[in-house]
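Colleague: Before I do anything with this model, could you walk me through how to read its features one at a time?

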Amino acid sequence: MLRWYKPVPFSKLHVNDVPDLPGVYVLLRDPDDISSVLKIGPARSLRSMYERELAIPDKGRGLHPQAMMFCETWADAEEAQRLIVAYRRKHGRSPVMNSQW
């Protein structure tokens with residue numbers, strides 16, 4: 001069973017709250033609503049992924065994540081794919097930012 005961390009709001013103040021380890025991340029539209037999933041993905045470094053998302057400006061993006069929730073795992077790609085499939089089964093579609101369109 002995976003141990004999920006509470007959502008971390010995007011801010012330079014919280015960079016060190018995210019471990020520099022492989023895992024699966026979930027981008028959230030609202031840090032207080034874990035059902036506001038925008039994207040699920042694997043990361044070789046959760047901290048690097050957090051910093052990359054933090055650096056993307058809000059302009060022109062449409063949907064801008066406000067927080068990142070994550071779990072540490074060495075099987076990051078497989079676990080992310082399993083979570084995307086489970087999300088698709090439950091909601092009938094992939095998370096918005098995982099969509100090909």
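Predicted model: local features only at pLDDT ≥ 70, side-chain atom pairs only at ≥ 80, totals over all residues.

Colleague: What is the strand order in the open sheet?

Modeller: In general, strands of a sheet pair through backbone hydrogen bonds, either parallel or antiparallel. Helices (H or I, at least four residues) and strands (E, at least two) are DSSP runs numbered from the N terminus, and two strands pair if DSSP finds at least two bridges between them. Here the open sheet has 4 strands in the order β1-β4-β2-β3, with antiparallel pairing. Its edge strands are β1 (8-9) and β3 (37-43), each of which pairs on one side only. Between β1 and β4 (residues 67-72) there are 2 bridges, and V8 has M68 in β4 as its bridge partner.

Colleague: Which strands does each helix touch?

Modeller: Contact means heavy atoms within 4.5 Å, and axes are lines fitted to C-alpha atoms, for helices over the stretch in contact, with angles from 0 to 180 degrees between N-to-C directions. Helix α1 (residues 46-55) packs on the sheet, touching β1, β2 (23-28), β3 and β4, and its direction makes about 170° with that of β4. Helix α2 (residues 76-91) also packs on the sheet, where it touches β2 and β3 and makes about 155° with the direction of β3.

Colleague: Is D76 buried or exposed?

Modeller: Buried means under 20% relative accessible area, exposed over 50%, and partly exposed in between (1.4 Å probe, protein chains only). D76, which is found in helix α2, is buried because its relative accessible area is 3%. Not counting residues up to four places away in sequence, D76 touches P22, G23, V24, P42, A43 and R44. A75, in the loop between β4 and α2, is partly exposed, since its relative accessible area is 34%. The C-alpha atoms of A75 and P42 are separated by 8.7 Å, although the two are 33 residues apart along the chain.

Colleague: Which element gives the largest share of the lining of the largest pocket?

Modeller: That share, 5 residues, comes from α2, and the elements giving two or more residues to this lining are β3 and α2.

Terms used:
Residues numbered from 1 in each chain as written. Heavy atoms only, no water.
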